[in-house]
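Thanks, everyone; I would like to take a few minutes to walk through one model, beginning with the contact between its chains and ending with a pocket. Please have the structure open while I talk.

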Amino acid sequence: MTTFERLVKNILDIPGTEGIAFFDREGNLLSKSMPDLYLDDVFADLGRRIVATYEVVEENFTTPDDFILKFPGRWIMMRRGADYTLLLLTTDEVNLMSLKIVTNMALKQLKLDMFGPMPVLEFSSPETDEAAAVAPTAEVQTEEETAPEPEPVVEEKKTPAKKRFYRGAFY
Amino acid sequence: MAREMQAPVRMSDEATVQSIMEYPGVKGFVECDKMGTVLQAEGDDAETFGGVVGYFEQMANLIGESFGLDAIEEAVIICSSQCAIALPKADKSIGVLYDPKTKIKDLMPLLEKL
């Protein structure tokens with residue numbers, strides 16, 4: 001397991017954490033692990049908006065580190081690393097202190113060149129269970145799914161060849 | 001063509017604002033209408049925060065919209081030296097600046113009355 005995978009899994013282990021995404025300073029998506037009901041094109045505008053929010057607040061008020069946005073039933077937390085921004089989607093029951101501690105570790109250890117494909121994880125939220133029921137989401141297919149089961153080999157019973165008599169001898 | 005007259009925004013009463021300012025750790029209070037006009041501001045940096053509250057709420061709503069979420073209830077800015085909370089109301093926005101160690105949760109019942 002890479003450092004990146006380990007840190008992401010530690011964050012997603014916090015109960016109430018539903019998804020995570022990383023954006024660079026230009027708002028480009030670096031990596032994400034989000035419920036499948038959020039299509040990829042959502043994240044194009046999202047990165048741009050996050051960058052704009054940080055820039056405007058910094059230019060006109062103060063240098064922000066984190067944003068916490070509270071919506072009915074869901075919270076969005078944004079934390080700024082050295083070269084990237086981390087976005088977390090959580091329920092409104094998440095332990096913010098636990099999340100902050102774990103993300104502190106990630107922000108400390110994660111560097112821009114460490115981002116890679118997200119580890120394959122199972123989501124436990126009801127929306128993702130429904131989505132999984134509708135469309136399979138696993139990127140990694142197991143060998144059992146791709147390879148058909150081998151048909152049982154039926155050995156044909158070999159009947160002995162009929163002997164032939166030729167020039168005084170049996171063959 | 002006559003413009004529709006907008007009802008004046010009701011400003012929060014002085015006593016409530018004073019209670020908020022006296023809460024331990026609170027550094028500033030600001031109230032803005034939906035056009036971004038600062039209606040009242042108390043304390044350091046409050047008026048400056050008032051200048052970005054409207055934009056911050058709008059961007060927060062757009063970010064939430066990306067995830068199919070309803071309108072924002074509360075938006076918090078966390079810095080090393082201070083924090084700021086923006087609370088949208090029906091016809092205005094409330095902003096409070098406070099020390100990071102402040103238990104802002106205890107102040108919420110008072111802010112929700114505004």
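Predicted model: local features only at pLDDT ≥ 70, side-chain atom pairs only at ≥ 80, totals over all residues.

Between chain A and chain B the count is one salt bridge, a term I use for a side-chain nitrogen of Lys or Arg within 4 Å of a carboxyl oxygen of Asp or Glu. That bridge joins Glu74(B) to Lys70(A), with the closest N and O atoms 3.4 Å apart.

Residues are numbered from 1 along each chain as its sequence is written, chains are lettered from A and ligands numbered from 1 in the order in which they are written, and side-chain values use heavy atoms, with hydrogens and water left out.

Back at the interface, the contact (heavy atoms within 4.5 Å) takes 29 residues from chain A and 28 residues from chain B. The two chains bury about 2600 Å² between them, 73% of it on carbon and sulfur atoms, where buried area is the accessible area, with a 1.4 Å probe, that two parts lose on being put together, summed over both. On the chain A side, Arg49(A), Phe61(A) and Phe71(A) lose the most area to chain B, together 26% of what that side buries.

Over all chains, a search of the whole structure finds eight salt bridges. In one of these, Glu18(A) pairs with Arg74(A), the closest N and O atoms being 2.8 Å apart. Glu18(A) sits in strand β1 (residues 17-24) of chain A and Arg74(A) in strand β4 of chain A, so this pair ties together parts that are 56 residues apart in sequence; strands here are DSSP runs of E, at least two residues, and helices are runs of H or I, at least four, numbered from the N terminus.

Finally, which residues lie nearest the centre of the largest pocket? They are Ile68(A), Lys70(A), Leu96(A), Tyr98(B) and Ile104(B), from a lining of 24 residues. A pocket, on a 1 Å grid over the protein atoms alone, is an open set of points where a 1.4 Å probe fits, with protein on both sides within 12 Å along at least five of seven lines, and lining residues have an atom within 4 Å of a point. About 740 Å³ of space lies in this pocket, the volume being the space filled by probe spheres set on the points, which are joined across faces, edges and corners.
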